[in-house]
Amino acid sequence: MSKETGRHIWRDIGVQLPFLAWLVVLWMLLWSQFTVLAFLSGLVVAVFVTRVFRLPTVELSGRINLWYGALFVVQFLFAMIRGGLAVTMQVFDLRRQPGAAIIAVPLRYADDLMMTHVSVVSSLIPGSLIVEADRDRQILYLHVIGVRSHDDVEKQREGVLRWERRIVRALGAPSQFRALKADERAAKGGAR
């Protein structure tokens, strides 16, 4: 084994380690057991799954902002509660139908991982669901309820883009974060 091959193997292990750890945690949560046996069996399953189902190595950004991450979690929990209440009110409002639409949202800072994060967050908030993701053009298609006008559609679209910006601030790649900051500076300069 050459020196370069050895480095490649260790780099792959380092990149896959957070993913393996996450799979082990999911395994332990699935069985509701936080024991040594659950950890070891989860580790065996995680290694088996990653070796049998060879997926491309997911390269994380390596950048996590704890402040924006905590802020994101609080905003996400608030949005889930607000979305749940809004959907509940629409269900019990017998006077009118809630209205629904499928909207296209072109993402601005998307790579595959960011697109996945935005998709999951958008789908978890009650009232919207990702129906398709166009990877090549970086467009998410959402089914949303509670829209009655073009303004409601634009509000929903801006909400998804707001989540994208929040995720970029919390754990986007450095290049995505720099692009976001440049866009924010340009928007402030154009608003004057």
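Arg-96 counts as partly exposed at 46% relative accessibility, on a scale where buried means under 20% relative accessible area, exposed over 50%, and partly exposed in between (1.4 Å probe, protein chains only). Its salt-bridge partner is Asp-93, with the closest N and O atoms 3.4 Å apart. Asp-93 itself is buried, at a relative accessible area of 18%. A salt bridge here is a side-chain nitrogen of Lys or Arg within 4 Å of a carboxyl oxygen of Asp or Glu.

A word on the model: it is predicted, so local features need pLDDT of at least 70 and side-chain atom pairs count only at pLDDT 80 or more, while totals for chains, interfaces and linings use all residues. Residues are numbered from 1 along each chain as its sequence is written, and side-chain values use heavy atoms, with hydrogens and water left out.

**Salt bridges**

The structure holds eight salt bridges, and the table shows three of them.

| Pair | Closest N to O |
|---|---|
| Asp-93 and Arg-96 | 3.4 Å |
| Glu-184 and Arg-169 | 2.3 Å |

Glu-184 sits in helix α6 (residues 174-191) and Arg-169 in helix α5 (residues 150-171), so their bridge ties together parts that are 15 residues apart in sequence. Helices (H or I, at least four residues) and strands (E, at least two) are DSSP runs, numbered from the N terminus. Arg-169 counts as buried, with 17% relative accessibility. Shared partners also link salt bridges into one network of Asp-93, Arg-95 and Arg-96.

Arg-135 is exposed at 56% relative accessibility, whereas Asp-112 is partly exposed at 39%.

**Nonpolar cores**

In soluble globular proteins, nonpolar side chains tend to be buried together. A nonpolar core is a set of buried Ala, Val, Leu, Ile, Met, Phe, Trp, Tyr and Cys residues joined through side-chain atoms within 4.5 Å. The largest one has 26 residues, and Leu-107 and Leu-142 have the most contacts inside it. At least two residues of this core come from each of α3 (66-92), β1 (100-106), α4, β3 and α5. Helix α5 gives the largest share, six residues.

Beyond its neighbours within four places in sequence, Leu-107 is in contact with residues including Met-115, Val-118, Leu-140 and Glu-164, where contact means heavy atoms within 4.5 Å. A second, separate core of five residues includes Val-24, Met-28, Ala-38 and Ala-46.
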